[in-house]
Amino acid sequence: MKDASPQTVYLSDYTPFGWQVQDVHLTFRLAPEATRVLARIHFAPNPDAPKQEFFLHGEDLTLIHAAIDGRTVSPVQSAEGLTCTVPDGPFLWECEVEIAPAKNTALEGLYMSNGMYCTQCEAEGFRKITFYPDRPDVMSVFTVRIEGEEPVKLSNGNPGKTGEGFAEWHDPWPKPAYLFALVAGDLVNHPDRFTTMNGRDVELNIWVRPGDEGKCAFGMEALKKSMKWDEDVYGREYDLDIFNIVAVDDFNMGAMENKGLNVFNSSCVLASPETSTDANFERIEAIIAHEYFHNWTGNRITCRDWFQLCLKEGLTVFRDAQFTADMRSAPVKRIEDAQMMRGRQFPEDQGPLAHPVRPESFQEINNFYTATVYEKGAEVIGMLKRLVGDEDYAKALDLYFDRHDGDAATIEDWLKVFEDATGRDLTQFKRWYSQAGTPRVSVTEDWADGTYTLTFRQVTPPTPGQPDKAPQVIPMAVGLLNPNGDEVVPTTLLEITEAEQSFRFDGLSARPVPSLLRDFSAPVVMEREASAEERAFLLAHDTDPFNRWDASQMLGIECLIAMITEGATPDTAWLDGLERVLRDTDLDPAYRALMMGTPSQAELARVLHERGHTPDPEAIWNAAETLAQFRAERWADLLPRLAAEATVEAPYSPDAEQVGKRALGAGVLALQTRLDGGKAAQAQFDSADNMTLQLTALGSLVRAGRDAEALAAFEEQWQDDRLVMDKWFGLQIGAAAPDVAVERAQALTRHAAFDWKNPNRFRAVLGGLAMHHAAFHRADGASYALLADWLIRLDDLNPQTTARMAAVFQTWTRYDEGRRALMRAALERIAAKPKLSRDTGEMVTRMLAQ
Ligand code: ZN
């Protein structure tokens, strides 16, 4: 059903563009206020397309001159682009436009960041550079000439001629316009080389602002590891003579996979032990891999249209997760991914912004770079791999690259490859792409005469526009344990395809304990009425590291919910079971650190809501505090032992082993601070020689309310480092007591260093507040109001970041009437802003539609 909005785009309306683009020549004459872009483009009729009017996208462009085959033409212009009468056959389009990169605050198209020129074209930014069929299925070979005084001038592909005031680039690989990039400025490089499996010698560079050269080595190692891994695991080799990465300070997202010229938010590439945390290092390694892997999954094979976004993003996230699991710890990575799904994707899937992994309509595509498209999109590929097995997955991927190299492909193409490689019918599986919402799987069991039967029922609640759901294919990894703790049935994959379905296990000597959804084998909510004893048993005995962790999480959730709803005291049986795990020195410290973690307050709110309660953020906060205090006291003996184990003697390295130890140490320090009032934290803060230890200590001091001196010292030390100052801004809100966080955020927005036009800084402060569950949901609505004020202000400048941040209101209908009314008022105030952007408009409309 199509709604009345004229701006909605539908998957079902797809039609190919009427012309092929044979080649593109672009000349840029750079000037901050008046850059000239000259385009020479050869068009030829597309025999596979229906006849149509010649239309080129173009936004915020001043047309200077246009000609066809050398004769001046006068196109008809609109806010979206131009139309023009064109010859029946092939023709040469020449066009000159003027743009003003210095005035471009949206950070889309050509813009300036700290005096450096830079572009961002995905998804639809190229139309802000020149008139063009700005859609991913139009692919062409680009030749670029950059004219300007900047010492470094970069674009896609291989370098061509350079000389006084100009540089030329040629990209031999046909690509859609969204992969175009240009960078020019006063930059310095960290160089290296890589030889590919077939002997191609590739020049590698990370380009940064002078002064940041010392923060590139780790990123470069990550790049080389990624290049090698993609050869070893997927047989994919790099295909140009040069690979450039550029760090920019003003960037809406994490990074961008432009062909041969990846552009990174500086926070996702610059790293040093003094300025970056372990988490930063891990994220940088993963994002460098992600963008590099796009060279094959995204660039060589791209998307036919933006509805197919998960084709490149789901697959590339899946690949970067495999990479991280190989480089570090597979169980730790799996647990982190499940936390991400439950913490970010499930709320999206269960609220007003729910959409399928492959959406069928949108107003603004920028609003669909979501946890559903990325993370659930990756989970869907993980399920496919589990179902067909590793060997057939490899076969299918080889076929995908063989068959579709150079194509702009669809999810249908992707699934067909699996069908052809494995002989499987994936019709039902395809629902994972078309059906939104989180399936809920309940289970009952039956035991008689040595036969154990598990009966699963699946239900997916309605989502906007999809009231009725059909059963999904759910790969359910299951193991069975004997009452003595031995595993009697090792991990077995059950394929659930029906709304209700039973599976039998014969020949058992005793009634087993089931370990279900091992390794988080499907992105579903498991609803099992398990007893605390059974969960404690799994916590002690499960051989599946994910489920062992999950058993503890479930016990933690039950414990906190009982504390919140019944005023119960903490569950000591759980804490004692957990203590045994924490004392097990055979277990990886990183894994034990995760074990020590309790479910987030936002997750508790979600589970309470799922179970029909109205979450009370204050009560959740209080329960979490009480539990933490209780744990600190109960584990007073354990903490020093763990602290000793967590101590790293060797010089700092961000390797998995050290990172795990420091993570364990951070968990210990948080509890220790509750016992010593911050003594240990202060000592750690004073002696820290790396950012991980320094920031962990500062967090504990903020939480203990003993932060004034430390915050000042930290600011003094780091005031000239933008990325470290983002942490300083974010932490003092994120770790603050809920009754003071909003005032702190307000005060920080008046700080001289609060550059609200920089997305990282804006997110540090306003995002820091929004991520603090109890502070954001303060009953008087102060946080809602502050956030709404700032979103209204940012919308004129940067619609993309505004719209993304507005999504923090998506859970508004879960809460009590008072908070609901306040959040609704905030959303309505944003909706009423004059000239609200299409981005933010779509988001608030969807949220208010509930
Ligand atoms: Zn990506």
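1. A residue counts as buried when its relative accessible area is under 20%. In this predicted model, Phe 131 has 2% relative accessibility, so Phe 131 is buried.

2. Phe 131 sits in the loop between strand E11 (116–120) and strand E12 (140–147). Leaving aside residues up to four places away in sequence, Phe 131 touches a set of residues that includes Ile 41, Leu 56, Leu 61, Leu 63, Trp 93, Cys 95 and Val 97. Ala 532 is 401 residues from Phe 131 along the chain, and the C-alpha atoms of the two are separated by 64 Å.

3. Strands of a sheet pair through backbone hydrogen bonds, either parallel or antiparallel. Which sense applies to E12 and strand E15 (residues 166–175)? The two pair in the antiparallel sense, over seven bridges. Arg 145 has Glu 168 in E15 as its bridge partner.

4. A zinc ion is coordinated by His 290 (NE2), His 294 (NE2) and two OE atoms of Glu 313, at 1.9 to 2.8 Å. The angles subtended by these four donor atoms run from 52 to 162 degrees, so the arrangement is irregular.

5. The spacing of the donor residues in sequence is H-x3-H-x18-E. His 294 lies in the loop between helix H2 (278–293) and strand E22 (302–303), while Glu 313 is in helix H3 (residues 309–327), so the pair ties together parts 19 residues apart in sequence. Both His 294 and Glu 313 are buried.

Methods
Residues numbered from 1 in each chain as written. Predicted model: local features only at pLDDT ≥ 70, side-chain atom pairs only at ≥ 80, totals over all residues. Heavy atoms only, no water. Donors = N, O, S within 2.8 Å, 3.2 Å for Na, K, Ca; no water. Tetrahedral: all angles 85-135°; square planar, octahedral: opposite > 155°, others 65-115°. Helix = DSSP H or I, 4+ residues; strand = E, 2+ residues; numbered from the N terminus. Buried < 20%, exposed > 50% of the residue type's maximum accessible area, 1.4 Å probe, protein only. Contact = heavy atoms within 4.5 Å. Pairing = 2+ DSSP bridges.
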